[in-house]
Amino acid sequence: MFKKVLIAEDLDSISIAVIQALEHLSISKIYHVKYCDDALLKIKKALKENEPYDLLISDLSFKLDHRATKLHSGEELIAAVKKIQPEIKTIVFSIENKSYRIQSLFNELGLNGYVSKGRNSIPELQEAIKTIYLKDSTFLSKELQHVMNHKTVLEIEAYDITLLKYLSKG
């Protein structure tokens, strides 16, 4: 099983649940940060000390607050981490469910797993960790399985509709 895991999650209640799920899998070294910048610093430090992380679990959305940051999302964090440690396994643990975004995370960032936050998300997260570690394959939440189907219809948001209305009016 993975030995050293970093969790990037800004909400304490979710972090506690993820930590408990990892402890249940007998993962010995679990670290947690609330900011993407801190996660990148921890990964750089671990590489420098020749004790790299095996797994990064990150949310996609991080609330802005008083602290100035360079990395504002889990997507930016994963891209930055993959540049310095391309072999690290990565799981996104997020409520985001837009198919085009999830597909791009797998295709462009080499994501290993995507678990949708919800009622059964902790058991699914544990299943994702086991699948990635034991089978060395990717994992996607059951409710999002349709996302990787290339025939998925693109989603149109309210902004897109407004833009189309203005374009039609000239």
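Does Phe-2 count as buried or exposed, and at what relative accessibility? Please also say where Phe-2 sits in the chain and which residues are in contact with Phe-2.

Analyst: The model is predicted. Phe-2 counts as buried because its relative accessibility is 7%, and the cut-off for buried is under 20%. Its place is in the segment that comes before strand S1. Leaving aside neighbours within four places in sequence, the contacts of Phe-2 are Ile-27, Asp-54, Leu-55, Lys-89, Ile-129, Ile-132 and Tyr-133. Of these, Leu-55 belongs to strand S3 (55-58) and Lys-89 to strand S4 (89-94). As for Lys-70, a separation of 68 residues in sequence from Phe-2 goes with 28 Å in space, C-alpha to C-alpha.

Two polar partners can be named for the side chain of Glu-9. One is the side chain of Lys-117, in a polar contact of 2.9 Å. The other is the backbone nitrogen of Leu-11, which lies 3.1 Å from a polar atom of the Glu-9 side chain. Not counting residues up to four places away in sequence, Glu-9 touches Ile-14, Ser-15, His-32, Val-33, Lys-34, Asp-59, Phe-62, Phe-93 and Lys-117.

S1 also takes part in the packing of helix H3. The buried residues of H3 (residues 74-84) are Gly-74, Leu-77, Ile-78, Ala-80, Val-81 and Lys-82. They pack against S1, S3 and S4, and against helices H2 (36-48) and H4 (99-109).

The whole chain gives the setting. Six helices and six strands make up its secondary structure, in the order β-α-β-α-β-α-β-α-β-α-β-α along the sequence. Its radius of gyration is 17 Å, close to the 15 Å from the globule rule for 170 residues, so the chain is as compact as a globular protein of that length. Along the principal axes, the C-alpha atoms fill a box of roughly 60 × 35 × 30 Å. Among contacts between residues at least 6 apart in sequence, 69% join residues at least 24 apart. The chain exposes about 10100 Å², with 54% of that supplied by carbon and sulfur atoms.

Technical notes:
Residues are numbered from 1 along each chain as its sequence is written. This is a predicted model: local features need pLDDT of at least 70, side-chain atom pairs count only at pLDDT 80 or more; totals for chains, interfaces and linings use all residues. Side-chain values use heavy atoms; hydrogens and water are left out. A polar contact is a pair of N or O atoms within 3.5 Å; within protein, one must be able to donate a hydrogen and the other to accept it, and residues adjacent in sequence count only if both atoms are side-chain atoms. Contact means heavy atoms within 4.5 Å. Helices (H or I, at least four residues) and strands (E, at least two) are DSSP runs, numbered from the N terminus. The radius of gyration is taken over C-alpha atoms; the globule rule is 2.2 Å times the number of residues to the power 0.38. Accessible areas come from the Shrake-Rupley method with a 1.4 Å probe; for residues, only the protein chains shown count as cover. Buried means under 20% relative accessible area, exposed over 50%, partly exposed in between (1.4 Å probe, protein chains only).
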